[in-house]
Amino acid sequence: MILDKRSKNSEGLLDSDLLRETLMGACEALMSDDDGRNRVPEAPLTIFHVLADPDLEFTLHAAERNLRVSFERPVDPDVILSMTAHVFHEIQMGRLNPVEAGVRGKMEVIEGDAMRLLALQNIPISAFYARTARTVGLEPATTVESEKR
Amino acid sequence: MRVRPRAAIRGLGHALPQRTVTNEELHELHGFNSRYIRMVFGVQERVFLGEGERFSDLAVTAGRRALENAGVLADDIDLLITSCCSSDNLLPKAGTVVQRALGLSRAQVVNINAACSGPNFGMGLAWRYIANGRCTRVLVVMGDTLSVSSSEDDIMRAAFSDAASAAVVEAVLDPEVGFMADSYGCDGTLHEAMVLRSPGSRFPMNEQRFSEEYHRTLNQPELMSDVMPLTAKWCRDCWDDCLAKAEWTSADVDFVSPHPVSLIQMRAQMEALGLGMDRTLIVTDELGHSGSGTSFIVLERAVEQGIIDAGSRVYCFTVGSGFIWGGMLMTWSPAEAFS
């Protein structure tokens, strides 16, 4: 996969500012969509992500059909996930199965109950992430179909 | 709608291959994350075919054990139903091999391929043959050997294993025992969510030969993300439908065999039914998930351990790639219910 040059720094890593912008935009877009909002659980769910290359920590907070992202460490997250920014991006772009990422050690469940990840998977954030990533330039505006495999 | 006359499971049996593979071995070989596998799949070790073993070896042994367990003879079987998506050969499928090996000379053979949901479709089909008066006794043989159908480092190997299991399903006259209600579902929009391409006409054999990629499980990540939470919903949908048909409440059910694909999936299904894990039995920790082979093993072990006995009310649910699913509600039959 070839990313837009603007989306990476001189070391070929994803731009953390664009990643932040994409996450915030994806959450906003999901909350503006009836189907997306309806798939956010009522019960509170807090997933803390620790990304590397570049380093970025953020938390997805879901509760009462509301999803938001914050860039801080929560007090008592349900699950802590660790992976590189590239792996996170590939999962959200729909190019990497999160289970495959877990089995192959690309994504670690550092702490928490892995079953809570099912609730996270039920939130269709990927579709909104992919759209926003293209809008903000984290991902090329058009992706060749063959690159998806 | 209730199907009459009743049918019930009279005997169960299973067969496992020789080779046990631990998470640590998968880590050594392919870098698989043992901790993640334990945490998500709940699998400590699984069993794979050993040198020279074939699916039919397991299927025949499982079938023989089920006949012995039921106390019936090969000649007593009117119909053999097999479900396997990893038979010895592309054709013929496993049914005729099992029929010949077990000497089921009177039995017609029906091969189905319902992937991991084979047990429910097999039981449902057997029930209908019996209800139609065409059969009295059906041998249902299920299983898969996906370890030889996928690449060495396919992630499927983390959760899946090889096994075969079998049930003798027989007509019963007592309306209070046996299969009480079943329910099925299908969502073809998820067809591409999990695909095992080999062997298939979409990917010709001459191309498959040259690339390991063709033998790798193909997951469509976005669709698969939909499937995982949906499994619990489908389990609940069938449960509600079955309970309504049987005119039972959830409190009437003693034991549940959820789709046994992974620990978190089983927990999610039990949670969706409003039940704790104390109402089921986990075998995947030591056996992995052998596609259509696991559910009958869960039932067999539950019977052996006295968790299920005569009069127990049981719900069995399975999901297969495609995606298709089915649930069955039954009352476990005492031996005297059978002729």
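1. Contact here means heavy atoms within 4.5 Å. On that basis, the meeting of the two chains draws 25 residues from chain A and 28 residues from chain B. This is a predicted model, in which local features need pLDDT of at least 70 and side-chain atom pairs count only at pLDDT 80 or more, while totals for chains, interfaces and linings use all residues. Residues are numbered from 1 along each chain as its sequence is written, chains are lettered from A and ligands numbered from 1 in the order in which they are written, and side-chain values use heavy atoms, with hydrogens and water left out.

2. Next, the area of the interface. About 2,300 Å² is buried between chain A and chain B. Carbon and sulfur atoms give 60% of that. Buried area is the accessible area (1.4 Å probe) that two parts lose on being put together, summed over both.

3. Two salt bridges run between chain A and chain B. The term means a side-chain nitrogen of Lys or Arg within 4 Å of a carboxyl oxygen of Asp or Glu. One of the two pairs Arg267(B) with Asp113(A), at 2.7 Å from N to O. Six residue pairs across the chains are in polar contact, both residues being at pLDDT 80 or more. A polar contact is a pair of N or O atoms within 3.5 Å; within protein, one must be able to donate a hydrogen and the other to accept it, and residues adjacent in sequence count only if both atoms are side-chain atoms.

4. Which elements of chain A each supply at least two residues of the side that touches chain B? They are helix 4 (98-103), strand 5 (107-112) and helix 5 (116-121). Helices (H or I, at least four residues) and strands (E, at least two) are DSSP runs, numbered from the N terminus. That side of chain A holds eleven nonpolar, six polar and eight charged residues. Ala, Val, Leu, Ile, Met, Phe, Trp, Tyr, Cys and Pro count as nonpolar, Asp, Glu, Lys and Arg as charged, and the others, Gly among them, as polar.

5. Chain A has six helices and five strands. Their order along the sequence is α-α-β-β-β-β-α-α-β-α-α. Of its 149 residues, 52% count as buried. Buried means under 20% relative accessible area, exposed over 50%, partly exposed in between (1.4 Å probe, protein chains only). Among contacts in chain A with a separation of 6 or more, 67% join residues 24 or more positions apart.

6. Now Gln269(B), in helix 9 (residues 263-272) of chain B. Is Gln269(B) buried or exposed? It is buried, with a relative accessible area of 0%. A polar atom of its side chain lies 2.7 Å from the backbone nitrogen of His259(B). Beyond neighbours within four places in sequence, Gln269(B) touches residues including Thr231(B), Cys235(B) and Phe317(B).

7. Over all chains there are 21 salt bridges. Arg37(A) and Asp34(A) form one, with the closest N and O atoms 2.6 Å apart. They sit three residues apart in helix 2 (residues 34-38) of chain A, so about one helical turn separates them. Arg37(A) is partly exposed at 26%, and Asp34(A) is partly exposed at 48%.

8. In chain B, Asp241(B) and Lys245(B) meet in a salt bridge at 3.1 Å, N to O. They are four residues apart in helix 8 (residues 221-246), so about one helical turn lies between them. Asp241(B) is partly exposed at 28%, as is Lys245(B) at 26%.

9. Back in chain A, Glu90(A), Arg95(A) and Glu139(A) are linked in a network of salt bridges.
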